[in-house]
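I opened this model to look up helix packing, strand pairing, rings and backbone angles.

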Amino acid sequence: MKKPLFLLSILLSSYLSFSQTDKTIDSTAVFVLDKMSDIIGDLTSVTFDINTSVDKVSASNNLIKSYSKTTVTFSGPDKLLVRTDGSRGQSGFWYDGEYFTYYNYDENNYVTLEAPNTTLEMIDQMHLDFDFTFPAADFFYPNFTDDVLEHFNTIKFLGKTTIDNEECYHILASNDNIDVQIWVSNKTYLLPKHFVITYKKESNRQYESTFSNWSLNPDVPDRVFHFLTPPTAKLINILKKS
């Protein structure tokens with residue numbers, strides 16, 4: 001699969017500019033990122049979990065963390081299922097190649113929207129029109145390394161370290177506004193294990209995620225991606241962003 005399946009860059013685009021200074025690019029870091037992208041690009045389906053913490057800056061300028069666990073399943077270029085349980089409640093996304101549905105478990109309401117016929121186009125449109133945000137990241141872009149090279153003026157390989165008993169390659173990408181640290185597992189497959197985004201101009205607030213429970217190329221029935229309306233669930237309408 002050579003098209004991006006998830007789109008963290010739409011969440012970060014307003015932060016990724018930097019002043020045009022000399023770049024420092026480590027060839028080892030680029031090599032690791034390229035190999036990771038090649039492996040992800042060859043997947044036909046995948047499931048994985050993401051544990052995430054997000055900092056918010058309070059009115060008193062304190063950093064308040066919220067936590068969530070998300071399970072992501074995709075199959076082919078046009079099937080996606082995302083379920084999240086966290087500090088802000090439970091929610092889910094279903095996409096079957098024709099329709100996108102968002103369901104709020106706590107409020108027992110949902111919205112179903114016509115969607116483009118590929119996962120990438122769907123994610124793009126749903127974020128642009130309705131501000132839906134999708135977990136995972138630019139890791140699933142086939143041009144992931146090129147995007148990193150474009151948006152960051154320093155990319156370093158920081159050596160090897162261990163996370164959850166997995167040896168990982170540690171990479172830092174930095175610009176004037178953001179530091180991104182990426183840990184890529186050195187197990188059988190080079191897959192993302194952990195990443196931390198630090199917003200340097202926003203009290204150093206962080207977005208941090210850990211990947212686990214990867215299942216590569218599972219056979220996922222198409223019916224998994226069709227939303228089955230729960231009893232008494234309420235259909236709601238939402239407005240496009242102006």
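The entries below follow that order.

**Ground rules.** I am working with a predicted model, where local features need pLDDT of at least 70, side-chain atom pairs count only at pLDDT 80 or more, and totals for chains, interfaces and linings use all residues. Residues are numbered from 1 along each chain as its sequence is written, and side-chain values use heavy atoms, with hydrogens and water left out.

**Helices.** I took helices (H or I, at least four residues) and strands (E, at least two) as DSSP runs, numbered from the N terminus. I looked up α2 (residues 27–41) against α4 (residues 144–151): their axes come within 8 Å and cross at roughly 145 degrees. Axes here are lines fitted to C-alpha atoms, for helices over the stretch in contact, with angles from 0 to 180 degrees between N-to-C directions. From α2, Val-30, Leu-33, Asp-34, Met-36 and Ser-37 meet Phe-144, Thr-145, Val-148 and Leu-149 of α4. Contact means heavy atoms within 4.5 Å.

**Strands.** I counted two strands as paired if DSSP finds at least two bridges between them. Strand β12 (residues 205–216) runs antiparallel to β2 (residues 45–57), with eight bridges. On that side, Thr-47 stands opposite Ser-215. Six bridges join β12 to β11 (residues 192–199), again antiparallel. There His-194 faces Thr-210. The β11 and β12 hairpin has five residues between its strands, and Ser-203 takes a positive phi near 60 degrees.

**Rings.** I found 21 aromatic pairs. Rings of Phe, Tyr and Trp (its six-membered ring) pair if their centres lie within 6.5 Å; planes under 30 degrees apart are stacked, over 60 edge-to-face, the rest tilted. Phe-93 and Tyr-102 are a tilted pair, 5.6 Å centre to centre with 45 degrees between planes. Both are buried. Buried means under 20% relative accessible area, exposed over 50%, partly exposed in between (1.4 Å probe, protein chains only). Ring pairs also link Phe-48, Phe-139, Phe-144, Phe-195, Tyr-207, Phe-211 and Trp-214 into a cluster. The charged end of Arg-205 sits over the ring of Tyr-199, 4.0 Å from its centre. My test for that is NZ of Lys or CZ of Arg within 6 Å of the ring centre and within 35 degrees of the ring normal.

**Backbone.** Most residues other than glycine have a negative phi. Asp-164 has a positive one of about 50 degrees, and Asn-165 one of about 65 degrees. I placed Asp-164 in the loop between β8 (154–163) and β9 (166–174); Asn-165 is in the loop between β8 and β9. Asp-164 is exposed at 54% relative accessibility. Asn-165 is exposed at 79%.
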